[in-house]
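Colleague: Thanks for sitting down with me. Could you take me through how the labels in this model were reached?

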Amino acid sequence: MDTNIGNLVFDFFKVDKIFLFIFLIALIVLFIRLVNLWSEKFQEKLSGRRLLILQITTVFSFATYLIGTLGAFYFVFRPSKELLLTVGGSAAVAFGFALKDLVGSVIAGFILLFDRPFQVGDRVTYGDSYGEIKSIGLRSVKLQTLNDDTVTIPNSKFLTDTVASGNSGALDMMIVTPFYISIHEDLDRVRQLLHEVVITSRFVFLEKPVTIIFEEMPLSNDFVIKVNVKAYVLDVKFEKAFLTDITIRGSKILREFNIKRPNSTNLSEV
């Protein structure tokens, strides 16, 4: 009996089978990379469908990795019923303990794809990290911050931790640009000036409303007005460009119309 088991195991783990399996896995990885390259080209041509293309590519890649790996395993090794019955129980326990975190992450990845608390292309906040979801893989989610750092987060973390999505699958997203002005200024004129700045920006999405909110805040022994300019950027990839454009042109027009601003020393206390 022991000899038969040994022969089965030896036949199962032949060197040529192992090399063939590795070769097939490499082909799967290469194929997924080619799909991602095609996806990037389609995103450039169909910019209005960029997030949809990203999401389809993610689901396709996820399924290809999983099904392709399992298919390659069965195609190459063709495990017999005897071998499965003989070593299946003990191997399952051993692999279960060794790979429990990986299996948990794979299951969590499926939940993320179908429950969709966020999608590829979304701008999300997770802990101290904020950026764009670049991929949802078998094991982890990759988030690229606005400083171009890549943060890798295990899928299972998203089942218990809080994550906030800024655009929830849409291309547009609200951007809030703050300004501070003196409490003695004409707020109606400030509203008109900043509204004009926003609606003339090349990054603004005008199908959604532009809102300007005033808030009185204490500052040292005085008060200032905090102006929150809320508008939607037409594509989340222009988030920082839109914020910069509104800040520069907004500050310029406030200076041109002699709108007084708090000095930088006091403003640091706000």
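Modeller: Happy to, and let me start with helix α2: its 31 residues should span 45 Å at 1.5 Å a residue, and its end C-alpha atoms lie 46 Å apart, so the two values agree. Keep in mind that this is a predicted model.

Colleague: Which residues of α2 are buried?

Modeller: Lys17, Phe21, Ile28, Ile32, Val35, Ser39 and Gln43 in α2 are buried. That label calls for under 20% relative accessible area.

Colleague: Why is Leu46 called partly exposed?

Modeller: Leu46 has 45% relative accessibility, so it counts as partly exposed. The class runs between the buried limit of 20% and the exposed limit of 50%. Leu46 sits in the loop between α2 and α3.

Colleague: What makes up the nonpolar surface patch?

Modeller: The patch covers about 1,100 Å², and its members include Leu20, Phe23, Trp38, Leu46 and Phe75. Two elements, α2 (15–45) and α3 (50–77), each give two or more residues to this patch. The biggest share comes from α2, with nine residues.

Colleague: What makes strand β6 mostly covered?

Modeller: In β6 (residues 173–182), seven of the ten residues are buried.

Colleague: And how do you know that β6 and β8 pair?

Modeller: Pairing requires at least two bridges between the strands. β6 and β8 (residues 222–233) have ten bridges, in the antiparallel sense. As an example to find on your screen, Ile181 stands opposite Ile225 in β8.

Technical notes. Residues are numbered from 1 along each chain as its sequence is written. This is a predicted model: local features need pLDDT of at least 70, side-chain atom pairs count only at pLDDT 80 or more; totals for chains, interfaces and linings use all residues. Side-chain values use heavy atoms; hydrogens and water are left out. Patches are made of residues with over 30% relative accessible area and no salt bridge: like charges are joined within 9 Å, nonpolar side chains (Val, Leu, Ile, Met, Phe, Trp, Tyr) within 5 Å. Accessible areas come from the Shrake-Rupley method with a 1.4 Å probe; for residues, only the protein chains shown count as cover. A salt bridge is a side-chain nitrogen of Lys or Arg within 4 Å of a carboxyl oxygen of Asp or Glu. Helices (H or I, at least four residues) and strands (E, at least two) are DSSP runs, numbered from the N terminus. Buried means under 20% relative accessible area, exposed over 50%, partly exposed in between (1.4 Å probe, protein chains only). The expected span of a helix is 1.5 Å times one less than its number of residues.
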